[in-house]
Amino acid sequence: MMCSNLNMPLMKVLVMALVMACALPTQAQDESRFVRSVALPSGQTVVVAEGDLEARSIGSFSVRLYEAAAPADATTFFVDGLICARDGTLEQVILADVQGDTQPEILVLARSAGSGSYQAAYAFAIVLTDDRPQLKLVGQLEGMPATEDAVQALRQSLTVQ
């Protein structure tokens with residue numbers, strides 16, 4: 001006994017769907033991955049992103065600095081970058097002067113996945129080395145209570161040093 005004839009257009013659709021399914025990457029990019037771009041007063045751009053293909057609650061994050069450029073080229077001309085470990089989910093990137101030098105630092109704020117929802121805050125400054133801008137981690141606080149003002153805590157920790 002022969003199988004019944006399968007409609008040819010339907011067969012083509014099924015074969016195409018199978019081919020497309022096999023072509024998908026084995027590990028898809030998480031749509032909720034934290035990636036933020038921030039324009040600096042200097043015209044430069046900073047991009048902060050959780051590590052590729054990492055868990056949201058632990059891993060790494062990158063801070064990348066790009067030359068001042070027109071909006072269409074804001075992330076074209078890479079200048080410097082840092083990769084840092086994180087224990088928590090990135091929540092926010094803000095600019096605030098925490099060193100008291102009237103220059104805003106780049107603050108990356110994270111929150112732990114545990115029951116305490118503890119905060120972490122990282123402060124990055126742009127420093128000139130041989131007339132070349134470079135990112136520098138100037139302050140880091142981890143394990144802060146969930147309700148603490150992270151910006152104020154960084155300010156206090158940096159003025160004590």
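# Salt bridges, pocket and cores

Q: Which residue forms a salt bridge with R56?
A: A salt bridge is a side-chain nitrogen of Lys or Arg within 4 Å of a carboxyl oxygen of Asp or Glu. In this predicted model, the closest N and O atoms of the pair are 2.7 Å apart. The partner of R56 is E50.

Q: At what pLDDT do side-chain atom pairs count?
A: Residues are numbered from 1 along each chain as its sequence is written, and side-chain values use heavy atoms, with hydrogens and water left out. The model is predicted, so totals for chains, interfaces and linings use all residues, local features need pLDDT of at least 70, and side-chain atom pairs count only at pLDDT 80 or more.

Q: Is E50 buried or exposed?
A: A residue under 20% relative accessible area is buried, one over 50% is exposed, and one in between is partly exposed (1.4 Å probe, protein chains only). R56, the partner of E50, counts as partly exposed because its relative accessibility is 25%. E50 has a relative accessible area of 2%, so E50 is buried.

Q: How many residues apart are R33 and D52?
A: The side chains of R33 and D52 meet in a salt bridge of 2.9 Å, N to O. R33 is in the loop between α1 (8–23) and β1 (35–39), while D52 is in the loop between β2 (45–50) and β3 (59–66). The pair therefore joins distant parts of the chain, where helices (H or I, at least four residues) and strands (E, at least two) are DSSP runs numbered from the N terminus. R33 and D52 are 19 residues apart.

Q: In which strand is E91?
A: The side chains of R111 and E91 form a salt bridge at 3.0 Å, N to O. R111 sits in strand β6 (residues 105–111), 20 residues from E91, and E91 is in strand β5 (residues 89–96). E91 is partly exposed because its relative accessibility is 40%. The strand of E91 is β5.

Q: How many salt bridges does a search of the whole structure find?
A: Side chains of opposite charge can pair when their charged atoms come close. The pairs already described include R33 with D52 and R111 with E91. For the whole structure the count is 4.

Q: In what order do the elements of the protein chain run from the N terminus on?
A: The protein chain has 2 helices and 8 strands. Read from the N terminus, its elements run α-β-β-β-β-β-β-β-β-α.

Q: Which residues touch the most other members of the largest nonpolar core?
A: A nonpolar core is a set of buried Ala, Val, Leu, Ile, Met, Phe, Trp, Tyr and Cys residues joined through side-chain atoms within 4.5 Å. The largest one has 19 residues. The members that touch the most others are V48, F61, V63, V108 and F124.

Q: How many residues are in the other core?
A: To the largest nonpolar core, of 19 residues, β2, β3, β4 (78–86), β5, β6 and β7 each supply at least two residues. Apart from that core lies another, with V138, M144, A150 and L158 among its members. The residue count of this other core is 14.

Q: Which residues are the closest to the centre of the largest pocket?
A: A pocket is an open set of points on a 1 Å grid over the protein atoms alone, where a 1.4 Å probe fits, with protein on both sides within 12 Å along at least five of seven lines; lining residues have an atom within 4 Å of a point. The largest pocket holds about 210 Å³ of space, a volume filled by probe spheres set on the points. Of its 14 lining residues, the closest to the centre are L40, Q44, Q103, P104 and I126.

Q: Which element gives the largest share of the lining of the largest pocket?
A: β6 and β7 (119–129) each supply at least two residues of the lining. The largest share is 3 residues, and it comes from β7.

Q: Which residues does P41 touch, not counting residues up to four places away in sequence?
A: P41 lies in the loop between β1 and β2 and is exposed because its relative accessibility is 68%. The C-alpha atoms of P41 and L95 are separated by 9.6 Å, although these residues are 54 apart along the chain. With contact meaning heavy atoms within 4.5 Å, P41 touches L95 and P104.

Q: Phi of T102 is near what value?
A: T102 has its place in the loop between β5 and β6. T102 is exposed because its relative accessibility is 66%. Its phi is positive in a residue other than glycine, near 65°.
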